[in-house]
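Subject: Structure handover

Hello,

Here is the structure for you to look at. My notes come after it.

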Amino acid sequence: MKAVVSTFKLGVLIGTRDKKTPFSMDLFDKLRPDSGPLAQYAFLKDSYFMFPKLEGDLGSRMMFGGKERIMWSINNYLGLGNHPEVRKIDGESAARWGLAAPMGARMMSGNSDLHEQLEKELSDFVMKEDTILFNFGYQGICSAIDALTDRRDVIVYDAESHACIVDGVRLHQGKRFVFKHNDIENCERMLQRASELVVQTGGAILLISEGVFGMGGDQGKLKEIVELKKKYNFRLLVDDAHGFGTLGATGAGAGEEQGVQDEIDLYFSTFAKSMASVGAFMSSKKHVVQHLRYSIRSQIFAKSLALPVVEGNLKRLELLRSQPEHKEKLWKNVRMLQSGLRERGFDLGETNSCVTPVYLKGSVVEAAKLIYDIRENFNVFCSAVVYPVIPKGQLLLRLIPTASHTEKDIEETLEAFTTVGKRLSEGYYDTQEVPV
Ligand SMILES: Cc1ncc(COP(=O)(O)O)c(C=O)c1O
């Protein structure tokens with residue numbers, strides 16, 4: 001029997017195939033370009049609901065489908081995307097360096113004084129000892145989670161974490177416990193379980209939350225989470241993509257806003273929002289950042305940020321520090337938009353940030369018709385979030401106010417919302433043709 005088994009194994013190893021073995025399914029035949037959480041809506045008009053093309057200068061009014069629309073769909077919070085000084089440095093820097101330099105990963109041949117200067121200035125700004133740059137926020141945080149933990153460690157994270165955190169947790173080979181979104185009691189229960197487990201494994205605990213949750217706009221309960229440090233031993237990683245530049249007295253983010261910046265052990269943000277650029281960073285204690293430099297795979301095995309991007313980010317950071325008027329204008333607009341919507345009876349959920357969600361009731365098809373109506377008849381462009389990202393029967397229209405918006409933009413938008421909200425509740429969209 002033993003000999004038979006080993007002959008069979010040998011056959012598998014050298015690749016012999018029993019002629020009767022049926023061919024397995026072809027990988028490409030399995031692909032379903034029209035199903036899945038997002039692709040199921042691919043039947044809707046091309047480049048209209050999905051992959052729309054916004055044209056013209058970044059600002060509160062942009063071109064879409066050949067017409068000017070009031071734009072609520074870009075994360076250009078401080079309006080820096082089209083700031084004259086930003087446009088100037090981006091252009092000059094691209095002319096000086098091109099997009100190639102530096103060639104190579106930071107560790108090998110892609111380092112520069114400018115990269116190090118940006119890391120130093122970011123560390124000072126977010127009040128941490130040291131900083132490491134990432135090429136993209138998504139890859140950076142995924143890879144940082146991987147580099148920070150090993151199989152003995154336990155990750156505790158919020159259920160509504162951004163995909164980049166969820167995917168970082170997927171890379172983790174040890175245990176993970178998810179807690180109900182912003183539910184501190186449930187978070188504590190998970191910490192208890194994690195604490196018991198790491199005593200057995202000899203590992204440690206990483207807790208991950210966000211400064212601002214990008215869909216609902218509610219800030220992570222960082223103050224309450226930090227309180228739990230008195231009872232449990234864990235390190236706190238905060239993804240502050242939407243808080244950086246928009247929250248806190250100096251714009252250092254949700255930790256500064258809640259008075260717990262010192263207690264955030266690993267502070268992460270992308271440059272893709274307030275900084276209106278590309279790239280990201282993580283700040284922490286010196287030895288932690290040093291560890292990341294030598295072990296984070298997304299940076300060690302990838303070309304470093306191009307010099308014009310680094311130089312452009314230095315300019316944006318300088319403006320963020322020296323021109324607080326952009327943040328003030330942003331918040332003036334946030335207050336006007338959010339109070340206007342609330343006064344008109346709209347449900348904005350739990351937001352306590354710039355992210356402005358408007359929760360409505362309706363089907364996915366009604367959402368498509370409403371979006372079509374508000375775009376074509378009111379020239380208002382905002383994003384819609386539908387099932388399965390949020391529960392069935394709910395619609396979420398998400399508005400991102402920026403410093404570039406004017407009172408007129410906000411007034412016209414409030415008028416538009418009043419009309420489409422009324423139409424939705426009266427069943428108007430049930431009777432319309434699907435705009436595809
Ligand atoms: C909360 C959050 N984290 C991380 C990211 C990813 O950042 P990046 O666009 O730099 O990959 C985003 C989206 O930009 C985000 O909203």
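This is a predicted model: local features need pLDDT of at least 70, side-chain atom pairs count only at pLDDT 80 or more; totals for chains, interfaces and linings use all residues.

Domains
The protein chain is assigned domain 1 (1-31), domain 2 (39-71 + 325-431) and domain 3 (84-322). Taken over C-alpha atoms, the centres of domain 2 and domain 3 are separated by 29 Å. Where these two domains are in contact, domain 2 contributes 14 residues and domain 3 contributes 12 residues. On the domain 2 side of this contact, two or more residues each come from helix H13 (325-343), strand S11 (356-361) and strand S14 (394-399). That side is made up of 6 nonpolar, 5 polar and 3 charged residues.

Ligand
The residues around the ligand are Phe136, Gly137, Tyr138, His162, Cys164, Glu210, Gly214, Asp239, Ala241, Thr270, Ala272 and Ala280. Sorted by class, this shell holds 6 nonpolar, 4 polar and 2 charged residues. Glu210 and Asp239, both in the shell, belong to the charged class.

Arg193
Arg193 sits in helix H7, which spans residues 184-201. Is Arg193 buried, exposed or partly exposed? Arg193 counts as partly exposed because it has 14 C-beta neighbours inside 10 Å; a buried residue would need 20 or more, and an exposed one has 12 or fewer. Between Arg193 and Phe177 the C-alpha to C-alpha distance is 8.3 Å, with the two residues 16 apart in sequence.

Regards

Methods:
Residues are numbered from 1 along each chain as its sequence is written. A residue is near a molecule or strand if its C-beta atom, placed from the backbone, lies within 6 Å of it. Helices (H or I, at least four residues) and strands (E, at least two) are DSSP runs, numbered from the N terminus. Domain bounds come from an automatic or database domain assignment. Two residues are in contact if their C-beta atoms, placed from the backbone, lie within 7 Å.
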